[in-house]
Each structure stands twice: as C-alpha cells, then as structure tokens.
Amino acid sequence: MTHMLHAAARRVQWSRASAAKRAACLLAAAYGLKILYPVIRRRMKRAGCKGGSQDAGRAEGGREAPPHRTGSRGRASPAVNAEFFKQLLELRKLFFPKLVSAELGLLCLHSVALVSRTFLSVYVAALDGKIVKSIVEKKPRSFVFKLIKWLMIAIPATFVNSTIRYLECKLALAFRTRLVDHAYETYFANQTYYRVISMDGRLANPDQSLTEDIMMFSQSVAHLYSNLTKPILDVVLTSYTLIRTARSRGANPIGPTVLAGLVVYATARVLKACSPKFGKLVAEEAHKKGYLRFMHSRIIANVEEIAFYRGHKVEMKQLQKSYKALADQMNLILSKRLWYIMIEQFLMKYVWSSCGMIMVAVPIITATGFADGELEDGQKQAMVSERTEAFTTSRNLLISGADAIERIMSSYKEVTELAGYTARVYNMFSVFDEVKRGIYKRTAVIQGSENNSKNEDKAELHIDGPLEIKGKVIDVDHGIVCENVPIITPNGDVVVSRLNFKVQEGMNLLITGPNGCGKSSLFRILSGLWPVYEGVLYKPPPQHMFYIPQRPYMSIGTLRDQVIYPDSVDDMHEKGYQDQDLECILHMVHLYHIVQREGGWDAIMDWKDVLSGGEKQRMGMARMFYHKPKYALLDECTSAVSIDVEGKIFQAAKAAGISLLSITHRPSLWKYHTHLLQFDGQGGWRFEQLDTAIRLSLSEEKQRLESQLAGIPKMQQRLNELCKILGEDSVLKTMDKEK
C-alpha cells in the first residue's frame with residue numbers, strides 16, 4: 001500500500017521550474033480576466049443602460065447637461081455611423097471633382113493590380129498543391145518543371161505587389177494634393193485665414209488641420225481602400241474555388257461553410273463588444289499633438305519677450321504639461337490596443353486555425369472522389385497523392401481566405417481611426433466655408449463670480465448669441481463715410497453703438513482716445529477684416545487703402561520684396577517701377593543706408609531680426625509710398641521713429657496727396673491733420689475740425705496741472721501723519737465737516 005502511494009505521488013510531482021511556469025500563467029490569466037471582465041460586462045449592458053439613463057435624465061427636471069467649453073468636446077465623438085459616411089461622401093467630391101480625372105485613373109489601375117494579385121494567389125495555391133503531389137508521387141522531372149514554373153510566376157507576382165504599394169502611395173499623394181489645393185484656396189479667399197483665427201473659435205490649430213490631419217486622412221483612405229478591396233476579392237475567389245473543388249470530388253461543402261460563417265460571426269461580435277472607441281481616441285490624440293505644436297510655435301514667435309522676462313520656467317512647465325497630456329493619451333491608446341490585439345490574435349489565429357483544419361479535413365475524409373479505388377487485377381489504387389494535393393491547395397486557399405477575413409475585421413479599427421480624421425478634416429472645411437460666408441461662432445467662456453459684480457451698464461454693452469450681419473459695405477471712388485456703423489468686437493462687446501463721420505479726399509484725420517476705445521477696431525472695419533453689423537459704410541476699394549500697423553510684417557525674400565510687399569517683382573515692373581525708384585523711396589524714409597549695409601537689393605535675410613524696430617516702421621512707410629494709396633491707415637506706425645524723421649515722412653505723404661487716418665499720441669504730428677475723431681472710452685465719440693494751436697495749448701495746460709497735482713497726495717499723507725503725532729485735527733478737515 002505504501003509503495004502504491006509513493007508511486008502515485010511521484011506521478012504528480014512537479015519540478016520547481018514547471019510550478020513557477022504554471023503559477024505565472026495562472027497569474028497572467030487572472031490579471032487578463034480581471035481587466036477584460038468589466039469591459040465586456042459594460043459592453044453587454046450598454047444598450048440597456050443607455051435607454052435607462054436617458055429616461056432618468058429626462059425625469060430630472062427636464063434639463064440637459066450643459067455643453068463643454070471646448071468645441072472638440074462639445075461635438076459628438078467621431079464614430080462609424082451615418083454621420084461618418086455622410087462626411088466621407090462629401091469629401092469624396094473633392095477627391096474626384098469630375099468623372100474623368102487623374103485620381104480616378106490611379107484608382108482604376110490600383111483596382112486592376114489588386115484583382116490581378118488575387119488571381120495570382122489562387123493560381124499559386126493550386127501550383128503549390130501540384131508541386132507537393134509530384135513530390136509524393138516521386139516524379140522529379142515534374143517537380144523540377146513545376147518549381148521552375150513557380151519561380152517564373154513569382155516575377156509578375158512580386159511586380160504586382162510592388163505596384164500595389166506604389167499606387168497606394170500615389171493615390172494618397174493625389175488625394176492629399178486635391179485636399180490641400182482646395183483648402184488653400186478656401187483658406188486664403190476673402191481673408192478667411194484671419195477670420196478663422198480672430199473671429200471664429202472652432203479651430204484651435206488651423207495649421208494642424210491643414211498639414212497633419214489632411215496627410216493622415218489621405219493616407220488612411222488610400223490604405224483602407226487597398227486593405228478592404230483585396231481581402232474582399234480574396235474571400236470571394238477562395239470561397240468559390242474551395243466550394244467548387246469540394247463538389248467536384250463529391251463532398252458536401254455546406255457543413256464547413258456554415259462552420260466558417262458561425263466562427264466569423266462570433267469573432268465579429270466579440271471584437272465589436274471589446275473594441276474601444278479608437279475614432280474618439282485618435283481624434284483627441286491629434287488635437288493634443290496640434291496643441292503641443294502650437295505651444296512650440298508660440299515660444300518661437302515670442303522668444304525675445306520670454307527671454308527679457310526670464311519666463312523660461314513657466315514656458316517649460318506649459319510645454320511639459322502639454323506633452324504629458326499627449327503622452328497620457330498615447331499611453332491610453334496603447335493600453336487599450338494591448339488587450340484588444342491580444343483577443344483579436346487569439347480568435348483570428350488560433351481559433352480560426354483549428355476551425356480551418358476541420359474545414360479542410362472533413363471534405364477530404366468524406367469525399368467520394370478521394371476514396372481508394374480498385375484496379376482490374378483486384379489491387380487497390382492509392383489516392384494519397386490526390387488527397388495530398390487537395391489538402392495542400394485547400395489549406396493554402398483557406399489560409400489566404402482566413403488572412404483576408406482577418407484583415408477585413410482588423411480594418412474596423414482602421415475605419416474607426418479614419419472616422420476621427422474624417423471628422424477633423426470635414427470640420428475644418430465646414431468652418432472655412434461658413435467663415436467665408438460670414439458665419440462666425442465663438443466658444444462661450446463662462447465668466448467667474450467676480451465678473452458678476454460689474455455694473456449693469458457694462459452688461460448692456462455685450463451681445464450674447466450669434467451676431468447677425470445687417471450692415472452694408474459700398475465701394476466708392478471718393479471719400480470714407482460711416483452712417484450708423486457700430487464697432488462690435490468678435491466676442492460681442494459693443495465698443496461704440498453708432499459712429500457717423502465723413503472723410504473726404506484731402507482731409508487728414510487724427511484719431512485719439514484711451515486704450516480699448518475702438519481706434520484699431522475702426523481700422524479693422526475699414527480694412528474689411530471685421531464685418532459691418534449695422535448701418536452703411538462707404539469706402540474706396542481695398543487697392544486704394546493701405547494699412548500700416550505698429551509692428552510691420554517682414555516677409556521672406558529679398559530686400560526688394562520688403563519694399564514692394566505684397567507685390568511680386570513682375571507686379572513691380574508692370575507698375576513701371578525700377579530699383580532706382582525704390583532707392584528714391586528709401587531716401588524719403590531715411591532708409592537708403594541699408595541697401596549698402598545688407599548687400600544690395602537681392603540680399604535675402606531674416607529681416608524680422610536684421611532690421612531694428614524703427615527701421616521696420618520706416619520700411620512700412622516706404623511701402624505706403626510705393627503703393628501710393630488714396631488713404632493710408634496709420635496705427636502708431638512711427639512710434640519708434642525719431643520726431644524729426646517722422647515729421648519729414650508725414651510731410652512727404654501729404655505732398656504725395658495721400659489722405660492720412662492716423663492713430664498717434666505724439667503732439668508733434670497734430671499739425672499734419674485737419675480733423676479729429678476722439679473716443680472717450682465709454683462708447684462716446686466726437687468728430688470735429690482740428691485746431692492744432694488750441695489743442696496744443698490745452699495739452700500744455702493739462703501737463704502743467706498734472707505736474708502740480710502730482711505732489712498733493714504726498715502732502716496730504718504727511719499732514720495726516722502730523723495730525724496723528726500731535727493728536728490734533730487739521731483745519732482742512734474742520735472746513736470739510738462744516739461744508
């Protein structure tokens with residue numbers, strides 16, 4: 001009895017290594033079950049919970065949850081639904097603008113290559129079976145002949161494979177070119193590039209949408225077409241070939257076909273239940289990438305200011321915060337893909353392989369065409385080679401079909417990612433089109449409680465909701481006339497409710513007022529950047545008006561390009577200008593020395609950094625003399641220029657017949673203007689003829705009183721201290737009480 005117990009114990013004895021392996025496997029299985037069980041449970045109960053939660057939400061006072069602040073969260077998350085297909089069909093019109101196009105030709109060639117590759121796969125599978133048959137039958141000559149044939153067929157097969165990849169990349173590039181051309185035309189039409197950023201808040205990073213989003217969308221569409229078309233053809237042809245082979249040998253293909261359908265259906269249901277929302281995750285990742293790029297570009301654009309303030313620590317924290325958000329999003333996607341791919345590989349490789357063995361074995365075992373027959377002398381004819389050929393061919397075809405189905409089902413994840421890119425690209429084009437038509441939507445920012453304590457008169461100067469454009473802009477040849485035109489910011493703040501003035505040719509208008517009173521906003525309306533919401537604005541066409549900001553923009557190009565911007569050299573020659581004329585213009589603004597200093601007119605440099613602040617402002621004035629507009633809008637454009645040079649430039653502009661509309665705080669420039677438009681900062685304004693002498697005397701009196709009154713607070717403070725030390729009241733306080 002003891003020996004029997006010892007023998008049984010030896011049979012079940014485990015080594016330490018095997019025990020450790022089993023324990024590790026059990027722990028991994030338990031951890032996987034712990035992770036997957038809540039996911040599968042939530043997926044299964046989602047349909048029932050969705051209806052219940054909606055009913056409960058309606059029951060609670062009938063109120064809906066408030067929308068999020070950001071536009072990307074306020075919209076529904078991208079998904080494979082009717083909205084996705086609608087957006088894709090709309091974008092298809094940009095891919096194929098007409099019936100006969102280069103893109104359609106590439107698509108047809110790509111389709112032909114995919115079909116050819118499918119037929120080659122079926123032919124190679126049959127040839128593999130014949131090669132194996134020749135080996136089993138021990139026919140070396142037949143084996144060598146079929147092997148050479150197999151090598152010969154590999155040449156067109158590899159060429160077709162390479163052609164498929166080549167045409168896929170060409171198709172993606174063609175799609176991207178079409179989208180980019182249309183996007184650029186829309187983006188730069190009617191100053192949409194300015195309005196999208198300054199007047200509309202739906203696109204946080206247009207550069208991200210115009211570059212990476214379009215690229216990823218084009219590549220995803222081209223790859224998905226290749227990744228779906230060929231597998232579908234493979235499934236159809238391999239299924240047809242397998243069924244035809246089974247029937248020709250007397251086997252019943254219904255059982256294996258039903259088994260394949262059940263396995264594929266069950267796999268699809270499980271994968272759909274376990275699939276994360278890749279579309280939403282990818283769209284959010286793209287948004288965070290764009291924001292990180294925006295943070296970098298923001299630092300590059302303001303590098304000098306940051307260096308002066310020594311704000312590198314703050315900027316570094318902002319970058320680290322943006323990168324951490326992106327890294328967390330990418331880690332979230334990777335963690336969700338880990339378990340999804342594990343389930344996908346288990347079902348599609350191991351479960352499908354076992355079912356495939358059954359599907360291949362059953363027809364061969366049960367087929368009457370593969371049974372051993374009898375020869376005339378009574379000996380049995382062995383059908384081993386036939387069965388081997390059929391098994392090899394069927395197995396290759398089944399592997400090809402299973403791989404095709406796997407790619408089709410795996411493409412669901414790519415389709416959900418495509419839904420994210422489609423939503424972003426479609427949203428970009430929608431915003432461009434609406435902004436181009438004058439429809440603006442800004443994100444409403446919830447004000448803090450401290451802002452609720454403002455005066456009610458301030459609340460009345462804000463328009464909530466979308467702004468309706470009711471005003472008219474009429475181009476005229478002479479004069480600028482504003483009739484009941486309000487100044488309203490894109491946020492809905494009413495700076496001036498109604499503005500009326502008239503500037504005729506030969507008049508020079510000085511515009512003054514405190515900060516934020518609407519001076520620069522008026523220039524934006526006159527330049528056509530902001531719409532006229534009410535009233536009528538009569539103004540010259542844009543080519544007769546020229547705006548010069550306080551910080552002139554320096555373009556990429558030669559020194560000549562800086563003077564003639566935004567004209568090209570050909571435009572300059574058409575206007576009859578030569579380099580000698582440009583030299584005269586630079587003499588007028590005291591800037592000719594930079595021609596010799598920087599190496600001539602064809603010198604190419606980063607002019608934003610090469611020229612000083614005063615030189616850039618004088619370059620802006622040189623552009624005014626080059627374009628010779630009827631009206632020049634000058635927004636503090638000579639604040640960094642010396643007073644004597646500034647006066648000469650303004651005198652030259654008046655001599656050239658240019659009517660000046662100037663925003664300036666320098667009294668030395670008042671004498672170059674004939675009329676005054678003054679804002680009070682409270683929505684009021686007055687327009688009158690400017691008397692420079694009276695205004696200068698009033699300004700001098702104001703400065704004198706300011707200097708006299710500057711010491712009164714200090715004297716009052718000292719008097720209070722003396723009263724406190726002496727314990728007495730001041731006579732001034734007694735007089736105030738008597739009053």
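The model is a predicted one, where local features need pLDDT of at least 70 and side-chain atom pairs count only at pLDDT 80 or more, while totals for chains, interfaces and linings use all residues. Residues are numbered from 1 along each chain as its sequence is written, and side-chain values use heavy atoms, with hydrogens and water left out. Helices (H or I, at least four residues) and strands (E, at least two) are DSSP runs, numbered from the N terminus.

**Helices that pack together**

- Two packed helices are described by the angle between their axes and the distance between the axes. Axes are lines fitted to C-alpha atoms, for helices over the stretch in contact, and angles run from 0 to 180 degrees between N-to-C directions.
- Take α21 (residues 613-627) and α22 (residues 643-655): they pack at an angle of about 10°, and their axes are 11 Å apart. That is why α21 and α22 count as roughly parallel to each other. (Angles under 35 degrees count as roughly parallel, over 145 as roughly antiparallel, 65 to 115 as roughly perpendicular and the rest as oblique.)
- The crossing of α21 and α22 is left-handed, meaning the near helix is turned anticlockwise from the far one by less than a right angle; clockwise would be right-handed.
- On the α21 side, R618, M621, M624 and F625 meet V645, I649, A652 and A653 of α22. Contact here means heavy atoms within 4.5 Å.
- Sorted by class, the contact of α21 with α22 has 7 nonpolar, no polar and 1 charged residues. (Ala, Val, Leu, Ile, Met, Phe, Trp, Tyr, Cys and Pro count as nonpolar, Asp, Glu, Lys and Arg as charged, and the others, Gly among them, as polar.)
- Helix α21 also packs with α18 (residues 579-588), at an angle of about 130° and with axes 9 Å apart. That angle makes α18 oblique to α21, and their crossing is right-handed.
- L582, I585, L586 and M588 of α18 make this contact with A622, F625 and Y626 of α21. The residues of the contact of α18 with α21 are 7 nonpolar, no polar and no charged.

**A 35-residue helix**

- Helix α5 (residues 102-136) has 35 residues and reaches 51 Å from its first C-alpha to its last, close to the 51 Å expected at 1.5 Å a residue. The expected span is 1.5 Å times one less than the number of residues.
- Just after α5 comes K138, with a positive phi of about 60°.

**Strands and sheets**

- Strands of a sheet pair through backbone hydrogen bonds, either parallel or antiparallel. Two strands pair if DSSP finds at least two bridges between them.
- An open sheet is formed by 6 strands in the order β8-β11-β12-β6-β13-β14, with mixed pairing. At the edges stand β8 (545-548) and β14 (685-689), each with a single partner strand, so one side of each has no neighbour in the sheet. The twist averages 15° from one strand to the next.
- Inside that order, β6 (residues 509-512) and β12 (residues 659-663) pair in the parallel sense over 3 bridges, and L510 has S662 as its bridge partner.
- Strand β7 (residues 536-539) pairs in the parallel sense with β3 (residues 472-475) over 4 bridges, where I474 is partnered by Y538.
- Strand β4 (residues 480-488) is joined to β7 by 3 bridges, and the two run antiparallel. Here C482 stands opposite L537.

- N484 is found in strand β4 and has a positive phi of about 55° although it is not a glycine.
- A cis peptide bond joins Y565 and P566, with omega about 5°. P566 lies in the loop between α16 (559-564) and α17 (569-574).
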